[in-house]
Number of protein chains: 2
Amino acid sequence: MTAPFLAIDWGTTNRRVYRIENGAVAATERDDRGVAAMQSRGFEQELAAIRERCGDLPVLMAGMVGSTIGWREAAYVAVPAGIEVLAANCLSIDARTAIVPGIAVDTEQRSDVMRGEEVQLLGAVAAGLVPRDAMLCQPGTHCKWAAITRGEVTSFTTAMTGEMFAMLRAHSVLARQMTAPVAAGPAFVDGVRQGAKRDLGATLFGIRAGGVLGRLAEDDAASFASGALIGSDVAARLAEGGDRDFHILADPELGGLYRLAIETLGGSARIVDSHAAFVAGITAIQELRA
Amino acid sequence: MTAPFLAIDWGTTNRRVYRIENGAVAATERDDRGVAAMQSRGFEQELAAIRERCGDLPVLMAGMVGSTIGWREAAYVAVPAGIEVLAANCLSIDARTAIVPGIAVDTEQRSDVMRGEEVQLLGAVAAGLVPRDAMLCQPGTHCKWAAITRGEVTSFTTAMTGEMFAMLRAHSVLARQMTAPVAAGPAFVDGVRQGAKRDLGATLFGIRAGGVLGRLAEDDAASFASGALIGSDVAARLAEGGDRDFHILADPELGGLYRLAIETLGGSARIVDSHAAFVAGITAIQELRA
């Protein structure tokens, strides 16, 4: 069993600390002290404060803390990448403080990167939450789709789905229409179908036109837009071939939207606890490093 | 020959006034007193000032001035719509002041609207700048693609291409990369090809990943993003079938990017003077109303 340690999921805007004892979460805290909120040279002080609050223990971090805008850069590891490769390539800050590297698709044909999500993905495998051959999906600002083969991430694709939704709602001609919360109902499903068969640029302007012509209710605009974006994302992944059975690492609300979109377009999906996956992944890496 | 009149292309952010005598532009002015800059009840005063500056003449207006955020709403006319239908459905403000209606696709299957562009489209036909059966393209914030059949607009599609580019450059994770001006070079063409074959969400995140991994030069990011968005737009229109020979109503710079994208994806295109098209269209409508 791994000795007690602190695991930190340190992203751009949020941070979550877990004290892990005997492979289980003994304590946790979450705040908005993400990488973007740090002053230069603030990381050392921050970590000292975390150790004071949560325990004077070894620390293993993952996420944007290891990026060029983070504490120090932990170089990306190229796919295929399993949990052993992550453990072998951690960046040591000092004898009891380290950062897990991100992973990359880095070929002539295609570039893609992730940082933090790889711990969830491989943790889900390590904990037996998903099969060792599976298609995983992590919805969010930048939605990740990963192919797992014999327990390793062999390929992945990132789509800016969540960020595009946020931009449209905050800054576009559609902003005035997109005021209601997104609901997993008929407008969302209609958006999924349209987003799957038509280009996004035209599908999205249809929201404006449908509003002007009285064919799209004000309350449905945000749901339709979300459906169109997620539908475009899901349809593209399904068109790439491969397994149509997905495992979604997400909370039930956002995960439920992706599941509905996948099912609407002929695939199947189940939702997996993403926090449990992270804890399993970071614990497995810490064990391998011991 | 039509009696002298003032034609106003009154959009959301810009306004252009033409004094038209003997079918030609005798004087013109352009400013940023668009509809969005008007106070309520400001339109009458604005128009009085325009008549003082440009001539105490009949006035025919087109564009967002006829929308719900404009002076008064000139109801949309459904396609198919020719120049006669526009002339017959102008909204009279008073005996010598009128607004040209917009046009709409308004069916169970699809909603689309335009306001202002229809004058250019049908003006290009009226002036013989394009054939009476043709595919027209008006790039911009909301790019319009119109099928002209026997001189009438029989169908059209709007894509939010320009607006999406502006949002990405101003508000997205890509903003820091998209600082160079867009150039009609290899990075743009590469973006066109990728945007044509892959979903936008993934293609656009590739810019971020390509930057992080050093595979996309900083100076190329904006050009690649523009290419991806325009490529997605063009590919979708080409996939809809029909004529692959396009007439682009635009200035040479933006029109040139669309032409390059169309040619890259196997179509052909020529650029048509959009100001000449507007003047021909508004003059033809005024003539029919006389």
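Colleague: How many salt bridges does the rule find across the interface of chain A and chain B?

Modeller: Keeping in mind that this is a predicted model, the rule finds 8 salt bridges across the interface of chain A and chain B. One of the salt bridges in the model joins the side chains of A:Arg237 and B:Asp199, with 2.5 Å from N to O.

Colleague: And how many residue pairs are in polar contact there?

Modeller: Across the interface of chain A and chain B there are 13 residue pairs in polar contact, counting pairs in which both residues have pLDDT 80 or more.

Colleague: Which element gives the most to the side of chain A that touches chain B?

Modeller: That is H6(A), which gives 10 residues, and the residues on this side of chain A divide into 21 nonpolar, 13 polar and 14 charged.

Colleague: What area is buried between the two chains?

Modeller: About 3500 Å² is buried between chain A and chain B, with carbon and sulfur atoms giving 64% of that area, and the contact takes 48 residues from chain A and 48 residues from chain B.

Colleague: Switching to the sheet in chain B, what is the strand order?

Modeller: The open sheet has 6 strands in the order S3-S2-S1-S4-S7-S6, with mixed pairing, and its edge strands are S3 (24–31) and S6 (91–94) of chain B, each of which pairs on one side only.

Colleague: In what sense do S1 and S2 pair, parallel or antiparallel?

Modeller: Strand S1 (residues 5–10) and strand S2 (residues 15–21) of chain B pair in the antiparallel sense over 6 bridges, and B:Leu6 stands opposite B:Arg19 in S2(B).

Definitions and conventions
Residues numbered from 1 in each chain as written. Chains lettered and ligands numbered in written order. Predicted model: local features only at pLDDT ≥ 70, side-chain atom pairs only at ≥ 80, totals over all residues. Heavy atoms only, no water. Pairing = 2+ DSSP bridges. Helix = DSSP H or I, 4+ residues; strand = E, 2+ residues; numbered from the N terminus. Contact = heavy atoms within 4.5 Å. Buried area = accessible area lost by both parts, 1.4 Å probe. Salt bridge = Lys/Arg side-chain N within 4 Å of Asp/Glu carboxyl O. Polar contact = N/O pair within 3.5 Å; in protein donor to acceptor, adjacent residues only side chain to side chain. Nonpolar A, V, L, I, M, F, W, Y, C, P; charged D, E, K, R; others polar.
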